[in-house]
Amino acid sequence: MTEMLPITLNVTKDLLDKFTNIKSVSNKLEAQFNFQTLTANWYGDEEDILTIQLSLETPASFEQCKEALDKLSGSRVTISHFSDDVICCFNEGEQQLLCTIAMTMSELDLLVLQPTLLAGYIQAKLRKVLNLIAQQQSLASI
């Protein structure tokens, strides 16, 4: 039986089709961020672990997710718009956070022209989001 990690990273099919190595990059980053948050003591209380699902989206799929998440507003979840390209949906009762992150058109254009930047760019973008989550949840930065 495999145990779920607290942080998972999903990549939309359109991005998987556009960048051949994005799956291996996302798997590596998922492991790296789980380790970094563990060493930053994000999981001190094993009975109350915050689970975070990060979803990398295209601009079009981000808009669809944004509309769906905005409809949830007012239910048992809190919606936070960290920026124009990052929306987080927090279910406090379940200690679950869904964070939808758009790769903007300008970012996609840059990464198509400079594919060697992909891993570092995604790492920096996701680290920034995780540190915003840390600030919101009163956790240590990574």
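Is E46 buried or exposed? In this predicted model, E46 is exposed, because its relative accessible area of 68% is over the 50% cut-off. You'll find E46 in the loop between α2 (22–39) and β2.

Strand β2 (residues 51–57) pairs with β1 in the parallel sense, over five bridges. To see how the two line up, look for L9, which stands opposite L54 in β2. As for β1 (residues 7–11), four of its five residues are buried, so the rest of the structure largely encloses this strand.

Now go from β2 to β5. These two strands also pair in the parallel sense, with seven bridges, and L56 has I101 in β5 as its bridge partner. Strand β5 (residues 96–102) has five of its seven residues buried, so β5 too is largely enclosed by the rest of the structure.

One last stop is H81, which sits in strand β3 (residues 78–83). With a relative accessible area of 46%, H81 counts as partly exposed, because that value falls between the 20% and 50% cut-offs. H81 and K66 are 15 residues apart in sequence, and their C-alpha atoms are 9.6 Å apart in space.

How values were computed: Residues are numbered from 1 along each chain as its sequence is written. This is a predicted model: local features need pLDDT of at least 70, side-chain atom pairs count only at pLDDT 80 or more; totals for chains, interfaces and linings use all residues. Side-chain values use heavy atoms; hydrogens and water are left out. Buried means under 20% relative accessible area, exposed over 50%, partly exposed in between (1.4 Å probe, protein chains only). Two strands pair if DSSP finds at least two bridges between them.
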